[in-house]
Amino acid sequence: MPADDKWKANMEKVAYMKAFPGLLRTWDQLIGKTVEVVLPLKSKTGSAALICTDGSFVVVPLLSPEPYELGEALQAGREHLEPKRPEAYAGYDRLLKKDRDAQRTARLENILGAIQNNVEQIPELKDRLAQLVKEWK
C-alpha cells in the first residue's frame, strides 16, 4: 500500500531528524557554545536555526517576547546584565518606579471614585469609613 509506505517513510524520517547528531533540546545545552550563524527559516516567519561552531544546532521560534517575559528576563538576568549595561538598568529602574507610582495613584483614584459614586446609595458607607479611619490611627 503506497499510502502506508509513505506514512512509514515519513515517520522514519521524522524520528531520524529528531535524533540528528548535534540537535540541542534544552536552552542550558547552549551554555558555553558559540553561535556561528543564524539561518532564518522560510517555513515559519521569524523562526531560525542557530548553528554553533561545534556542529550543534537548535531551532528557535520568532523572538517576540511579551512584555511580562521581558520584565522577568531583565530581573532574572540582572546580576549578569547590569554590570555590562548599568545605564540601561538605571533607566529601567526609573521607569519601573514611575509605573508602580502611577499604578498606586490609579488604585487610589479608583477607590476614591468608588466611594464617591456609592456614598448616596449606601448611606452607612460614611460611618464605616469613619470607623476604619479611627481604627487606623
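Helices here are DSSP runs of H or I with at least four residues, strands are E runs of at least two, and both are numbered from the N terminus. The model is a predicted one: local features need pLDDT of at least 70, side-chain atom pairs count only at pLDDT 80 or more, and totals for chains, interfaces and linings use all residues. Residues are numbered from 1 along each chain as its sequence is written, and side-chain values use heavy atoms, leaving out hydrogens and water.

**View A. Lys13 sits in helix α1 (residues 2–18).** With a relative accessible area of 45%, Lys13 comes out as partly exposed (buried is under 20%, exposed over 50%, partly exposed in between; 1.4 Å probe, protein chains only). Gly32 is 19 residues from Lys13 in sequence, and 30 Å from it C-alpha to C-alpha.

**View B. Seven residues form the largest nonpolar core.** They are Leu24, Leu30, Ala48, Leu50, Cys52, Val58 and Val60. Such a core is a set of buried Ala, Val, Leu, Ile, Met, Phe, Trp, Tyr and Cys residues joined through side-chain atoms within 4.5 Å. Strands β2 (48–52) and β3 (57–60) each bring at least two residues to this core, and β2 has the largest share, with three.

**View C. Ala48 and its contacts.** Skipping neighbours within four places in sequence, Ala48 touches Val38, Leu39, Pro40, Leu41, Val58, Val59 and Val60 (contact means heavy atoms within 4.5 Å).
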